[in-house]
Amino acid sequence: MQIGPQTVVSRSLVPLLAVCSAASMLLTLWLIFVYVPTDRVQGVVQRIFYVHVPLAMMTFLAFGVTAVASAAYLWSRNPKYDHCAHASAEVGLLFCSLVLITGPIWAKPIWGTWWTWDARLTTTLILWLIYAGYLMLRSLTMHSEQGARYAAVLGIVGALDIPIINRSVYWWRTIHPAVLVTREGGTGLTDPRMQLTLLCSVLAFFFLFAWLLWLRYRQAVLEARMTALWAAQRIPR
Amino acid sequence: MIPLLRKEFLIEWRAREALATALLTGLLLLVVLSFAFDPTSPLRREAAPGAFWVTVVFSGVLAIGRSFVADRENDCLQGLLLAPLDRGTIFLAKVFAQTAFLLAAQLLLVPLFIVFFDLPLSAHLLPWLLALVLVGVGLSAAGILLAAIAVQTRAKEILLPLLLVPLAVPLLLAGLRVSQRAFAGKPLGEAVAWLHLAVGFDVIVLVVGWLLFEYVVED
């Protein structure tokens with residue numbers, strides 16, 4: 001895989017995103033634990049919502065980036081899109097895992113059960129399985145042009161399948177009545193302080209996502225460049 | 001297209017690999033699942049649709065996993081790619097052949113299934129068979145695309161189920177819901193939406209596979 005020196009991997013973006021992410025994360029922590037009022041019905045456990053929801057949003061963003069970058073790679077064959085898709089899938093899977101961990105912590109006191117086969121939960125779990133398979137495929141086809149194409153195909157197919165999966169698991173639980181019908185989306189955040197906290201938190205997690213994505217992307221580009229240099233040295237032209 | 005299909009059927013006729021794989025693993029799964037549910041329990045009939053579709057999906061995945069093995073021997077796939085053919089056509093031919101093999105195996109499994117799970121013969125067979133066809137097409141289409149990928153990696157036997165089964169969840173659920181009504185002797189009713197969903201899945205996967213297959217077999 002050839003990486004030209006023209007590939008831009010700005011170094012200055014890394015500390016910038018790190019500072020933004022750290023500052024907004026500290027602010028968000030303060031907002032969550034000190035500023036925002038406790039939910040009257042759900043109590044203190046509702047505060048995990050400000051971590052859970054932004055993580056879920058960033059998970060979808062990350063897998064969306066993977067799909068778009070995969071399509072861009074097949075279109076242009078520029079390896080930088082491949083690195084971008086790979087990096088985004090990794091960060092996305094990390095966030096998706098955190099969503100699946102923070103969700104049950106909230107669900108146990110509120111729903112009385114760690115897990116229920118609600119449409120959203122099921123979709124997230126299947127999403128996790130698809131992208132775990134995606135990363136497994138990547139690790140099996142180490143840094144080859146062929147592996148990049150395979151991953152791109154899977155990245156596109158996986159993303160296109162998500163709406164169908166979502167529809168099917170939604171019907172699956174709604175044709176038979178669900179045990180629990182209450183959802184956090186139904187309550188709505190009416191208090192402006194809650195809305196502010198959620199907004200800040202989304203922003204903080206966005207910075208965190210961008211930072212991790214850029215770090216991982218930059219590392220992948222540098223790694224590919226080093227491999228190319230290594231190969232050039234070993235095999236004299 | 002016709003010569004491609006002829007090639008697939010000829011290979012299958014001579015080796016009977018896909019059919020034997022799907023049929024024998026399917027039979028094995030049915031027997032194991034029969035042990036899993038108490039034969040005297042009335043809940044057995046409730047568990048029947050689940051047992052059937054798990055059998056269909058897993059035996060199908062194993063059969064699809066073999067679909068590119070013959071093509072890789074002696075670089076046969078290479079020769080196929082050198083022919084002046086659209087890659088999408090190769091994909092479609094493989095999907096249709098694979099679907100036919102899966103359906104043939106499943107049609108042989110259906111009577112065994114009725115016997116093992118003591119299903120009433122009044123069960124509405126037609127929607128059940130329709131669901132089988134739709135699931136067969138979708139599973140083969142997604143499976144062929146992913147098998148072409150998996151066969152090139154080190155862990156080919158493991159990778160295909162890991163990639164295919166999560167993607168095929170909508171098909172599994174559709175088949176499950178349709179046959180639950182069928183086994184209960186009820187008309188399809190609102191479950192017809194599941195057949196629509198399966199058709200939608202099939203169309204999307206066929207189109208996407210037809211478009212993306214050339215990127216998979218490029219080299």
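How many of the 26 residues of α7(B) are buried? The count is 21, so α7(B) is mostly covered; a residue is buried if 20 or more other C-beta atoms, placed from the backbone, lie within 10 Å of its own.

Before going on, the ground rules. This is a predicted model, in which local features need pLDDT of at least 70 and side-chain atom pairs count only at pLDDT 80 or more, while totals for chains, interfaces and linings use all residues. Residues are numbered from 1 along each chain as its sequence is written, and chains are lettered from A and ligands numbered from 1 in the order in which they are written.

Back to α7(B), residues 125-150. Helices here are DSSP runs of H or I, at least four residues, and strands are runs of E, at least two, numbered from the N terminus. At 1.5 Å times one less than its number of residues, α7(B) should span 38 Å, and its end C-alpha atoms are 35 Å apart, which agrees. There is a bend of about 25 degrees at B:Ile144, taken between axes fitted to the seven residues ending there and the seven starting there.

Next, B:Pro166, in helix α8 of chain B, residues 156-167. B:Pro166 counts as buried because 20 other C-beta atoms lie within 10 Å. Leaving out residues up to four places away in sequence, B:Pro166 touches A:Ile126, A:Leu129, A:Ile130 and A:Gly133, where contact requires C-beta atoms, placed from the backbone, within 7 Å.

Last, chain A. Chain A has seven helices and zero strands, and 38% of its 237 residues count as buried.

Notes: Buried ≥ 20, exposed ≤ 12 C-beta atoms within 10 Å, placed from the backbone. Contact = placed C-beta atoms within 7 Å.
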